[in-house]
Amino acid sequence: MSANNPSPRPPAQRGRLLPVGRFFGVPLYLAPSWLLIAALITLSYSGIVRDWVDGISPAQSYLIAFGFAVALAACVLAHELGHVAVSLALGRPVRQVVIFLLGGVSEIDEEIDRSRDELLIALAGPAVSLLVAAGAWLGYRSVAAYTVPWALLSLLVISNLIVAVFNLLPGLPLDGGRVLRAIVWRVSGAQLTGTRAAAWVGRALAIVVVVGSSLFLRSSGWGFANVLFGLMLGAFIWVGATGALRSAELSARLPGLDMARLLRPGLMVRADVSVAEALRRAWESRARGLVVVDSADHPRALVNERRIGSVPTDRRPWVSVSEVARPLEPGLVLPLSLRGTALVSAVRATPAAEYLVVREDGSAAGILSTADLAMAMAAR
């Protein structure tokens with residue numbers, strides 16, 4: 001299973017990922033969850049290997065089945081690199097590639113804004129899988145039957161064809177879903193319309209996969225590991241389709257976001273002012289944020305609303321605002337002119353609860369609260 005995710009969220013935290021190399025500067029990772037699917041493949045396919053290879057021992061069959069699991073991971077990686085290569089060729093940076101339990105995902109840094117690019121990037125992965133299947137088939141034709149290479153190449157032909165065909169099913173987050181989205185987007189002129197169509201088809205596919213896996217549980221032809229994989233895959237498709245739909249609807253709301261409408265009035269206080277005194281001044285002036293300034297009245301830190309609120313009432317006279325403030329860094333100072341996608345991108349670049357907003361001349365205009373931004377996006 002392959003997906004191309006324009007969101008910055010990977011399927012696992014980067015600290016838990018195993019680096020396996022780079023592709024034109026794009027880091028490649030293996031998630032720990034891959035070990036689970038490798039174990040399932042080893043257990044499930046060892047019997048097939050014993051049936052297909054003459055004179056092989058049980059221990060050897062497990063080793064060869066594990067080798068197939070590793071080779072399949074390499075094929076999935078090649079599939080993802082197809083997406084990456086086309087994305088980079090189109091000038092769209094890729095954050096990372098992760099191979100995990102259910103396949104792979106390529107993290108594209110930015111939302112794709114052209115249906116043509118969406119179509120080309122989506123088709124690249126299945127095209128690579130078909131090429132790998134063709135190469136494995138040529139190798140299969142050139143080796144002796146019922147040998148280890150013959151068995152491995154046979155499995156690689158079948159698995160890569162399955163990867164290509166399955167990923168071309170027309171539902172998000174599969175590649176075929178992105179193809180459908182690109183086509184509907186092109187015809188309708190609206191990316192959101194294309195995403196809605198592909199996401200709902202993806203949800204329907206998820207139901208078919210889950211129901212089909214449950215029915216196959218009663219069939220002797222399917223092992224429990226295959227059924228479990230099918231159930232997990234159906235759940236993943238549903239979650240991916242739902243996430244893509246929500247992300248698209250959210251992106252459609254972004255152009256209307258205006259920094260000036262989100263500003264909270266702020267109050268400048270010195271670092272040695274107590275929490276109690278700072279809150280008293282804020283209540284009197286009806287300020288909704290506190291900015292810590294130095295002796296020259298230059299902003300140096302922002303008081304965190306949650307932290308200052310958590311200071312016990314009896315301790316507020318003895319705690320200075322500097323103890324509940326976050327020092328200003330470049331990402332915490334935003335220009336008043338930010339709007340829409342640029343505003344959200346700036347907030348994502350440096351996550352925080354509050355930001356200092358400044359005018360063109362550098363003077364403080366107010367404070368942006370992430371909570372206010374989230375409420376505005378939800379309301380729209």
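Ser 320 is placed in the loop between α10 (305-309) and β9 (325-327), where helices (H or I, at least four residues) and strands (E, at least two) are DSSP runs, numbered from the N terminus. The model is a predicted one, in which local features need pLDDT of at least 70 and side-chain atom pairs count only at pLDDT 80 or more, while totals for chains, interfaces and linings use all residues. Residues are numbered from 1 along each chain as its sequence is written, and side-chain values use heavy atoms, with hydrogens and water left out.

With a relative accessibility of 14%, Ser 320 counts as buried, a term that stands for under 20% relative accessible area, whereas exposed stands for over 50% and partly exposed for values in between (1.4 Å probe, protein chains only). The side chain of Ser 320 is joined to that of Ser 322 by a polar contact of 2.9 Å. A polar contact is a pair of N or O atoms within 3.5 Å; within protein, one must be able to donate a hydrogen and the other to accept it, and residues adjacent in sequence count only if both atoms are side-chain atoms. When neighbours within four places in sequence are left aside, Ser 320 is in contact (heavy atoms within 4.5 Å) with Ala 271, Asp 272, Val 273, Ser 274 and Val 275.

Strand β6 (267-270) contains Leu 267, which counts as buried because its relative accessibility is 18%. Although Leu 267 and Gly 289 are 22 residues apart along the chain, their C-alpha atoms are separated by 6.2 Å. Beyond the neighbours within four places in sequence, the contacts of Leu 267 include Ala 278, Arg 281, Ala 282 and Ser 285, and also Gly 289 itself.

One of these contact partners, Arg 281, also takes part in a salt bridge with Glu 277, the side chains meeting at 2.9 Å, N to O. A salt bridge is a side-chain nitrogen of Lys or Arg within 4 Å of a carboxyl oxygen of Asp or Glu. Side chains of opposite charge can pair when their charged atoms come close. Both Glu 277 and Arg 281 lie in helix α9 (residues 275-285), four residues apart, which is about one turn of the helix. Glu 277 is partly exposed, with a relative accessible area of 23%, and Arg 281 likewise counts as partly exposed, at 33%.

The structure holds 17 salt bridges. In another of them, the side chains of Arg 264 and Glu 305 meet at 3.3 Å, N to O. This pair links distant parts of the chain, since Arg 264 lies in the loop between α8 (259-262) and β6, and Glu 305 lies in helix α10, 41 residues apart. Arg 264 is buried, with a relative accessible area of 6%, whereas Glu 305 is partly exposed, at 43%. A further salt bridge is formed by the side chains of Glu 329 and Arg 326 (3.4 Å, N to O), and salt bridges that share partners join Arg 92, Asp 113, Arg 114, Arg 116 and Asp 117 into one network.

Tyr 355 is found in strand β11 (residues 354-358), and counts as buried because its relative accessibility is 0%. The side chain of Tyr 355 reaches the backbone oxygen of Thr 350 at 2.6 Å and the backbone nitrogen of Ala 352 at 3.0 Å. By contrast, Tyr 355 and Ile 56 are 299 residues apart in sequence and 66 Å apart in space, C-alpha to C-alpha.

The largest nonpolar core has 33 residues, of which Trp 34, Val 98 and Phe 100 touch the most other members. A nonpolar core is a set of buried Ala, Val, Leu, Ile, Met, Phe, Trp, Tyr and Cys residues joined through side-chain atoms within 4.5 Å. The elements that give two or more residues to this core are β3 (26-30), α1 (34-52), α2 (58-89), β4 (94-100) and α4 (148-167), and α2 gives the most, with nine residues.
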